[in-house]
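Grab a pencil and have a look at the model first.

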Amino acid sequence: MDNSLPLHLCHVHYFSIIINRSHAILHSIAIAFLIYYRVSFFFQEIKNRTVPTLPWLLIFASELILSFSWLLAQAYRWRTVSRTVFPERLPSDDKLPAIDVFICTADPNKEPTVEVMNTVISAMALDYPPEKLHVYLSDDGGSAVTLGGIKEAWIFARSWLPFCRMYGIKTRCPEAYFSGSQNNHGDFNCSKFMAERQKMEEKYEMFKERVRRVGEKHCKMAEAAAAINNRSDHPSVIEVIQEYPNRELQQDEVKMPLLVYVAREKRPSHHHNFKAGALNVLLRVSAMMSNSPYILVLDCDMYCNDPTSARQAMCYHCDPEISPSLAFVQFPQKFRNISKDDIYDSQIRSIFKIQWHGLDGLDGPVVSGTNFYIKREALLGSFSTQEGIDLSVLKRSFGESNEFIKTLCQHYNPTLLNGRESSSMLLEEVKVLASCSYENQTTWGTKVGIMYFCVVEDYFTGFTLHRNGWKSVYLDPPRPQFLGTCTSNFNELSIQWTRWTSGLVQVAISRFCPLIYGPLRMSLLQLMCYTELAFLPLLSSLPLWGFALIPQLCLLNGIPLYPEVSDPNFSIFLFIFISALSKHLYEILITGGQIRTWKNEWRIWMIKSVTCYSYGSLDAILNKLGLREASFVPTNKVTDGEQVKRYEMGIFDFQAATMYLAPLVTIILVNIASFVGGVVRIMVLDNGDHWKEMAVQIFLSFYILITNYAVIEGMIIRKDKAKISYSVTLLSAVFSGIILSVGSAILC
Ligand SMILES: O=c1ccn([C@@H]2O[C@H](COP(=O)(O)OP(=O)(O)O[C@H]3O[C@H](CO)[C@@H](O)[C@H](O)[C@H]3O)[C@@H](O)[C@H]2O)c(=O)[nH]1
Ligand SMILES: [Mn+2]
């Protein structure tokens, strides 16, 4: 390696910085004018006021909250960067550090085994020395189907890995490779390659067939055993799928990474802490078996799409200058099933294309659940330098296992895998580490490992790491390193976002609230970003409810809340509106989006704010009051053909729980009523004199209606299965009637 050449480069986006900062200044000035306009109302004498105080106050509160949220979000725009790496400059293979890959799965019914095994195989096929790669699959379902599946995966991988290595295959997830287009054939068109490929494909089909049969067999057995649900009640099962290297390799033998199946013990009496709990078990089990200094975490549906990600991440972890404070390298979540329209913003565009790049210019992105290479030491600490540290202190933190505590010392080398006798001892020890009572009276999940506090373990773990002074890096190379399946229907999306927002708000309203827990421990800008995320659900849902109801109720009752069109103050509102829309459009266009992306993002933001963000916030508040328990319902990865088709065609699928639809439809009905009512009122009652005063409110209703035209269509025009059902519309009509009458009585 030539030491003079850097392993990576960081590009600061100066142009964006100039635009962002100038825009932030202009927009702030406009907001200041708005506040002045609203506040001066309260200095008028009460008898001169033409508008009741309550609606004025409410709409002002909505404007303030939204402005505050906007202000926090400016931190992401302060210093945007992107990065390039040079993996070819890494030291030779024998000097590379080892990596453990953690893959989590929870339910073979929602997470098809073949898909999970594709992720496992793609991870085994990473372009990294196989003796330095160890793949662990955590099965929270404790399912025989998954165990059977992983054994089949091992067998298939024995032929698949050499094939990929030999022909330099880039797409090493077999399903993606065989279902892909011609460009997957690589540079090899020779007949030998084609014949090999054909053979591989047959083997892959056989593999799938065998996995399917394992599934069927298990299904029958479970039926026979009266379908005892042992998902939440079973002992731990840990199996090394192939012991390696427990003997000398034969010359022609394929070098394979270590593959381990781990189902931790589950008992109804013990809280299992969802994915965070599973990852902490893997942290302990892997410490005994391979104890690699770096860990790649993957969701079961996120396969490695480019085998070079490990080397790319090592360009940072192996750089002695930044490595000491670097906790993890995060890759974006990307999805293979994003449609052109992406009506639900399933790709979470702004997070992965804008916000994380912004954080990368500060102290680094938030842990994003999957696709990150994290340093074991960042999660567990390292105790080599602190000699004389009391063993009992370590035990209080890490639990009773002496063997595990040994692994925390630097330069510990797990040797237990060698030899049959020691390996059965090892399996006994790891069973203890995977038992559900192991963490009792320890600091697992509170101080060490992945954090338990909320269901967004990723956000909270990232927050804790940054608060402890660690940094992170965001790497978004042109070829997606990992590809997953996104939620592509409204119901799943709502479930997922309700879970996320509930977790985030849980942090926001706790003692870990970034505003209390963060200051002095991290930079102001980084803190603003963590605050923005934690409060996002509240800061979007509250004002959006305000904007969707207050001006409308006032419009129906002839109360103006905004300046007249001819009033100079009108331009403040006009400016803020146009400034917000055009800045958003600018951000989308420079990151490769299109105008329709812009339209879709506005719509889904409005929809999510009044549905899942609201429910998530409520859930967190009830949780805080002790009225509800946190839950982590994994998303369903089994796709329904019709739903997929609708998503691809950009048609909303309203086959969702009434709970998610009702607020949305109610708001639309209120807006239709106020728009029609407002216009009629002005035309008929006021002979058209008052339109100037009411113009903004009429426009607001109109804007909400055209943006959400899809909902109106689903309610009135569509006849298909996925339209909004009459019962939902009827229920919402009742709600909107109540809102209109009670609201008018209170407000006006
Ligand atoms: O009790 C559980 C629940 C889930 N999982 C696994 O966690 C992963 C993520 O679950 P998924 O249902 O796919 O949730 P998503 O909403 O897609 O996950 C996002 O949000 C989660 C936090 O809510 C993060 O953990 C994920 O990494 C992130 O991709 C999957 O591999 C699951 O198998 C478990 O291992 N145990
Ligand atoms: Mn997922």
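**Exercise 1: α22 and α23**

α22 and α23 cross in the left-handed sense; keep in mind that this is a predicted model.

Task: work out how α22 runs relative to α23, and what kinds of residues sit in their contact.

Solution: 
- Step 1. Start with the geometry: the axes of α22 and α23 (residues 691-707) come within 9 Å and cross at roughly 150°.
- Step 2. Angles over 145 degrees count as roughly antiparallel, so that's what α22 is to α23.
- Step 3. Now find who touches whom. On the α22 side you'll find Asn671, Ile672, Ser674, Phe675, Gly678, Val679 and Ile682, and they meet Trp691, Met694, Gln697, Ile698, Ser701, Phe702, Ile704 and Leu705 of α23.
- Step 4. Sort them by class: 10 are nonpolar, five are polar and none is charged.

**Exercise 2: α22 and α25**

Solution: 
- Step 1. The axes of α22 (residues 658-685) and α25 (residues 726-747) come within 8 Å, with a crossing angle of roughly 55°.
- Step 2. The two helices are therefore oblique to each other.

Technical notes:
Residues numbered from 1 in each chain as written. Chains lettered and ligands numbered in written order. Predicted model: local features only at pLDDT ≥ 70, side-chain atom pairs only at ≥ 80, totals over all residues. Axes fitted to C-alpha atoms, helices over the stretch in contact; angles between N-to-C directions. Helix = DSSP H or I, 4+ residues; strand = E, 2+ residues; numbered from the N terminus. Parallel < 35°, antiparallel > 145°, perpendicular 65-115°, else oblique. Left-handed = near helix turned anticlockwise from the far one by under 90°. Contact = placed C-beta atoms within 7 Å. Nonpolar A, V, L, I, M, F, W, Y, C, P; charged D, E, K, R; others polar.
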